[in-house]
Amino acid sequence: MRMIDDETALPEALLGKRWHELDIYQAPEWYDVDYAGYRGEEAFYRLVLERCAKGGRLVVELGAGTGRLALRFVAAGFRVHAVEPAPAMRALLLEKAAAAGLAGSASFTVEDALAATFAPPERPSVVLFPFNGLLHLRTTEELHASFRHIRETLAPDGRFALDCTGPYWDAMLFGPTAWGRADERVHPATGAKVLTCDRSGYDATTRQMRIDIRYLIEGTDEGVQIELRQTMWTWQQVLAALNACGFVVEQQLGDVDLAPFDEGSPRLLVCAACR
Ligand SMILES: C[S@@+](CC[C@H](N)C(=O)[O-])C[C@H]1O[C@@H](n2cnc3c(N)ncnc32)[C@H](O)[C@@H]1O
């Protein structure tokens with residue numbers, strides 16, 4: 001994958017620093033710097049759960065990460081089975097669950113598995129695959145195997161809800177971008193000011209987008225460079241895979257504010273029933 005290796009493009013505050021390179025899901029603390037406080041799609045999933053998972057029925061979250069959504073749904077009274085394959089993400093999820101008094105709780109279980117292999121304690125009424133989780137499925141076979149397994153695992157009256165961004169057409173069309181988009185974050189655990197910037201590259205043969213993100217705590221000399229890889233599924237491919245795997249789309253929205261879906265929408269949010 002061609003990436004632009006030009007340190008001079010960095011904002012001044014990030015010049016001349018040392019960088020430790022990690023995969024994004026080996027660095028849950030840094031995942032949380034960017035996303036722990038983000039609530040965008042929560043309202044959509046909450047409405048699905050209110051409609052379909054009341055009365056103690058089981059909810060599965062695939063790719064539950066550090067528990068950004070899962071732990072809030074448990075706190076709201078839902079019974080959640082969190083599926084998370086990345087050991088470091090799962091470890092932070094378990095740590096947060098223990099801090100919330102959920103260790104050994106019947107309302108919260110955690111499994112090391114994939115969307116194509118998970119085995120919940122009972123048939124769930126809802127399976128969620130939020131926040132671009134399905135962009136980690138790399139081939140059409142993996143996408144279909146995952147959707148088929150979800151369909152076979154769900155209760156007959158169950159629902160499958162997901163959300164994903166569309167392909168990053170500009171980055172795909174115009175080639176790799178140099179370090180840029182400098183910004184600031186607040187570390188969710190320490191409150192420290194974090195400086196960040198990113199660059200991206202795209203490989204058309206594998207449909208893989210690679211985004212490198214650097215984080216530096218202000219005033220320090222060593223930062224972290226994390227790598228995120230996503231498959232640029234088109235929405236047509238996602239919708240076709242749902243149809244091919246036995247789902248019928250019941251709700252299709254175009255953004256986290258529940259706007260209707262159209263060709264120019266920034267996101268696809270879908271709730272599908274079993275056909
Ligand atoms: C973008 S994060 C979303 C985390 C969490 N759901 C959230 O909303 O913050 C995607 C998660 O999916 C997990 N993941 C990657 N491949 C997966 C797969 N094949 N099946 C299930 N989860 C997967 C990653 O380890 C990561 O924690």
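**Domain interface and ligand shell**

Domain 1 and domain 2 bury about 1200 Å² between them, with 54% of that on carbon and sulfur atoms; buried area is the accessible area (1.4 Å probe) that two parts lose on being put together, summed over both. The model is predicted: local features need pLDDT of at least 70, side-chain atom pairs count only at pLDDT 80 or more, and totals for chains, interfaces and linings use all residues. Residues are numbered from 1 along each chain as its sequence is written, and side-chain values use heavy atoms, leaving out hydrogens and water.

Reader: What is the N to O distance in the salt bridge of Lys96 and Asp32?
Author: A salt bridge is a side-chain nitrogen of Lys or Arg within 4 Å of a carboxyl oxygen of Asp or Glu. Across the interface of domain 1 and domain 2, the rule finds one salt bridge. For the side chains of Lys96 and Asp32, the N to O distance is 2.7 Å.

Reader: How much of the ligand's accessible area does the protein cover?
Author: A polar side-chain atom of Glu84 lies 2.6 Å from an oxygen atom of the ligand. On its own the ligand has 590 Å² of accessible area (Shrake-Rupley method, 1.4 Å probe), and the protein's cover is 94%.

Conventions: A polar contact is a pair of N or O atoms within 3.5 Å; within protein, one must be able to donate a hydrogen and the other to accept it, and residues adjacent in sequence count only if both atoms are side-chain atoms.
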